Amino acid sequence: MATTVRRTVLTLPAAATGPENPLPALRPLDEMHVVDDRDRAALPRDMARQIGHEPLATVLPVRILDGYGRERTPTDLDAIVIENDRLRATVLPGLGGRIHSLVHKADGRDLVYTNPVLQPADFALNGAWFSGGIEWNIGATGHTTLSCAPVHAARVPAPDGGEMVRLWEWERLRDLPFQVDLWLPEDSDFLHVGVRIRNPHEHPAPVYWWSNIAVPEGEHTRVLAPADEAWHFGYERTLTRVPMPETGGVDRTYPLRGDFPADYFYEVPDGARRWIASLDEHGRGLVQTSTDLLRGRKLFLWGSGPGGRRWQEWLTEPGTTGYAEIQAGLARTQLEHVPLEPGGEFSWLESYGSLAADPAAVHGGDWAAARAEAEQRLAEALPRADVDAAYEAWRGCADTEPGEILATGSGWGALEVRRAGYKLPGTPFAQSTLGEQQEPWLQLLEQGAFPEPRMVAPPGPSLVSPHWRDMLETASAEPLTEYHLGIAQWHADDRAQAVRSWERGLALAPSRWPLLRCLAVAAQESGQRDRAADHYAEAFGGLCAERCDDGEAWTAATAALGREAIEALLAAGRTAGARAVWTGLLPDIRLRGRFRLLEARLLLAEGDRAAARALFDEGFEVADLREGAEILDEVWAELTAPTGEPLPDAYNYRMRPRG
């Protein structure tokens, strides 16, 4: 059959992502992949330089997504299917352009782990993320802020005269446009993926990219890559060079043989073909290869310990197949960012398909023989020269203007194009995509003034890039302008000036709580616990007095500010003040798992150990538990300090050894 592209609807049990958290993300980035500065001295010079190259301090201007729960209902998701007689790929443009499934039609096998549910969890840089399929991670170390966001999609003529699907968006952490072209030639056993990241600015930009492939996990599944060494990163936050496949007496290329979650970044030699494969006991599975620019390859495993298994259940349904991740990136490790020169671009081609190798060679115990067998079978199925030729053919189509629009992303790219007049052939950011969130910024751009709100509501999202900060500085110093200006200054690490802007805005603001909350965070970050507690208490009281209804925006603001206020008041030893905020929360908010845990902490602070224990015994689920978080361990340890009772399995999400 000729390759076809069609729209469809995929129905999955899904928990809604929920509204954006309206509080600007002023706090330091909560990302596990961090190496202490003292440990960099032992790393290769280029790696150490790229690890230290412009790491993010916050996820501004992106907003946090933490309003989801654990209740799943059948949900219709727009999908795009790309299919020939060998493969069928299903793409979710409303969820970051994720490839949900990649079916090898000859035997009906899904080459990737296809999650039977859509359950958000706190793994993305900005919160909500879900497991499964193939995701495109751009921006900074971690899962992209676009994990649960829409991207633009359209039909585009393919190099072979057929059709391909183009996905594109404006990545806001680094202010860079990118595209992902999905090309499945007629009669091909491999899906080609052309990726391009452009820097339209007059300054260098730090770039991060990792293609993340979830693959089925099995007792005899082995991950192969052309390397004898790897960089191991565990949740102890250390990066060390280790031999492969065996480290500490364990063959780490079998994902279930580790005890704790871990990353292994393969040290692929210069000149070697870039590839990684996950093969089962029969020697069958998925292989990914690429042109040489995409140099890094990685295995992430959950391990067989109770914490990793609990996370696996948390991200899907108990009783379903677990998964590991094989990945490919621009650098050797995910801790690095690669500079892209002004006006420059990075582009490469990836290929995904089925691989069948001799199981005796794959699992015979000889690492070199296993790798050689997989590489030979890959060379037979898709020669390296064919990947290079497909890349050159695709490059000739990368600038082709899209045809039929299949999905619409955000309006932020259109705003940037409107501001700077960027020419970006192949990835049009249509002015028709500008929406409510961009409207006040469009007024600032065209009229020189940021509009004051027409009705009482939580403030809209901020922009923090230097050009927007400059415009805010020259605009009339109205309270809302000072609020957004302070956020932009905070992002630029001009914290003293940010505080001055918020204090100026506070003097005349009809709505004081957003500015007070910003000042509370500033006080916390400078170690002023009492001052922070004062600001939080006043901010929460102001929000409750101002709240117009129990609609989505106000409920999100109440939950977010209430949680921060209680935590700040407890940190300052003000138990009565924390209880007053708790009482002011909406009843539905108090029933959420995150707030049940917060209530247990509050009860412990009040000395009511029995009531706190009763909450744990009754059971609760913290829907937005952060990857690597140990708050459940910590509260349980305090609760059971006299007896040292072990943490129940239902609360065990530990991702590293104790001690």
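Helix 4 (residues 367-381) lies across strand 12 (190-198), strand 15, strand 21, strand 22 and strand 26 (345-356), at about 70° to strand 15. Contact here means heavy atoms within 4.5 Å; axes are lines fitted to C-alpha atoms, for helices over the stretch in contact, and angles run from 0 to 180 degrees between N-to-C directions. Helices (H or I, at least four residues) and strands (E, at least two) are DSSP runs, numbered from the N terminus. The model is predicted: local features need pLDDT of at least 70, side-chain atom pairs count only at pLDDT 80 or more, and totals for chains, interfaces and linings use all residues. Residues are numbered from 1 along each chain as its sequence is written, and side-chain values use heavy atoms, with hydrogens and water left out.

Helix 5 (residues 384-395) lies across strand 10, strand 11 (176-183), strand 12, strand 22 and strand 26, and runs at about 135° to strand 26.

An open sheet is formed by 9 strands in the order 15-21-22-26-12-11-10-9-27, with antiparallel pairing. Its edge strands, strand 15 (222-224) and strand 27, each pair on one side only. Two strands pair if DSSP finds at least two bridges between them.

Within the sheet, strand 21 (residues 274-279) and strand 22 (residues 284-290) are antiparallel and share 6 bridges; Arg-274 has Ser-290 as its bridge partner. Strand 9 pairs antiparallel with strand 10 (residues 163-171) over 6 bridges, with His-152 opposite Trp-168.
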